[in-house]
Amino acid sequence: MSAPLHQLPFVNLYVRLDQPDTPLYRSQEQGQTMVNQIVPEAFWPVVEQFGVNVRATLKDSNEGAMTVDGVRMIVMQQKMADGSVWACAQRINAELMKFQNLGFAPHILNHIGSLGERAGLIVISGSSGQGKTTTAAALLVHFLETYGGLAFTVESPIEYILKGRHGTLGQCFQLEVNGAEAWADMIEHAARWNPRYLFVGNVRTPEAAKQLIQAAATGHTVITTIHGSTPEEALTSLLYLAEPAMGAGTRDILGGAMTALIHQTLKEDGPFVHYLFTEEGAAADPVRALIRENKIGMMSTYIDRVAARLAHQMPKSPPPAMQQPRPPLPPLPPIRK
């Protein structure tokens, strides 16, 4: 009797599509996340059917989202140099984790949770598989439940199903992008609805980067995810991606639009986070200045200061409601030339 797919504790599942071959998986069990294992024979029938479903669903596309046996996955297929065709499925938790349960330190959690009151750009960065989209989705839902308003997500493919009502006054719509050339148009169309919140998953083109930075600079709260092994690398990647479409003033616009950068790495006991933020309405904010002056590599100087500062200012109770604004934190020291 075949075992159901949801009982296989995989993070990634690797299946050959063009002919029979031994399927492999990476386990989500502690201590096994980086080791490939052979899929037990009890799962082979359902894995074979999964391969059939991949070919039928993706067809000529290289990437998409699927739900099989109650398991939601991001699925990619690729023809290799030797002519073989393989699929990689990345498991998505069916139930979105609550923002309060992400595992962030309390002082960071409280401050990030209050950013929904501000307009501007929130960048969530990290290497592949470090939970960037999980954090982004949980943060967006937290904003909607806490502050209300309209949200749009623009993704390819959609990972978490967020459409519908959140809290009393929060509403989310989701757009799925088909083709790299459609990213900028989708972001522009979403912005025309005048949403309070906009989530753009893994920005990939110069025009898309331009649209999301402009949206953040013109009154929207924009959350985006971007790959990068360090906070500085991620922000530099976004800057270089946007410059071909935005021109010489890109650093000034990005600096003015920047609200926060959250860089996370998943550890066995939870996420390890580097966090930077700007002061609302402070044009001379040191993080903004580093972006404008093309000194992003110096941002590591401020990460420890920010952590200590937030720990010192940690509230004893949850963040206040939106009609009770948080008092401003004292400014960071100026940049030394």
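**Notebook: a mixed sheet and its helices**

I began with helix H6 (residues 231–246), which lies across E7, E12, E13 and E14 and runs at about 110 degrees to E12. I note here that the model I am reading is a predicted one.

Next I looked up helix H7 (residues 250–257), which packs on the sheet and touches E7 and E13, and I wrote down that its direction makes about 80 degrees with that of E13.

I then turned to the sheet itself. In what order do the strands of the open sheet stand? I read the order as E9-E10-E8-E11-E12-E7-E13-E14, which makes eight strands, and the pairing among them is mixed. Strand E9 (164–166) and strand E14 (270–277) stand at the edges, and because each has a single partner strand, one side of each is left without a neighbour in the sheet. I also recorded that neighbouring strands of this sheet are turned against each other by 20 degrees on average, with direction ignored.

My next entry concerns strand E12 (residues 221–227), for which I checked the covering and found that six of its seven residues are buried, so I call the strand mostly covered. Which strands are joined to E12 by bridges, and in what sense do they run? Strand E7 (residues 120–126) runs parallel to E12 and is joined to it by seven bridges, and within this pairing I found Ile124 opposite Thr225 of E12. Strand E11 (residues 197–200) also runs parallel to E12, with four bridges joining the two, and here Leu198 stands opposite Val222 of E12.

I went back to E7 for its pairing with strand E13 (residues 258–267), which is in the parallel sense and takes in five bridges. For Ser125, the bridge partner in E13 is His263.

My last entry is on two helices. Two packed helices are described by the angle between their axes and by the distance between the axes. For helix H4 (residues 183–192) and H5, I noted an angle of about 15 degrees, with the axes 7 Å apart. Angles under 35 degrees count as roughly parallel, and H4 and H5 are therefore roughly parallel to each other. Where they meet, Trp183, Ala184, Ile187 and Glu188 come from H4, while Glu207, Ala208, Gln211 and Leu212 come from H5. Is the crossing of H4 past H5 left-handed or right-handed? I found that H4 passes H5 in a left-handed crossing.

Note on methods. Residues are numbered from 1 along each chain as its sequence is written. This is a predicted model: local features need pLDDT of at least 70, side-chain atom pairs count only at pLDDT 80 or more; totals for chains, interfaces and linings use all residues. Side-chain values use heavy atoms; hydrogens and water are left out. Buried means under 20% relative accessible area, exposed over 50%, partly exposed in between (1.4 Å probe, protein chains only). Two strands pair if DSSP finds at least two bridges between them. Axes are lines fitted to C-alpha atoms, for helices over the stretch in contact, and angles run from 0 to 180 degrees between N-to-C directions. Angles under 35 degrees count as roughly parallel, over 145 as roughly antiparallel, 65 to 115 as roughly perpendicular and the rest as oblique. A crossing is left-handed if the near helix is turned anticlockwise from the far one by less than a right angle, and right-handed if clockwise. Contact means heavy atoms within 4.5 Å.
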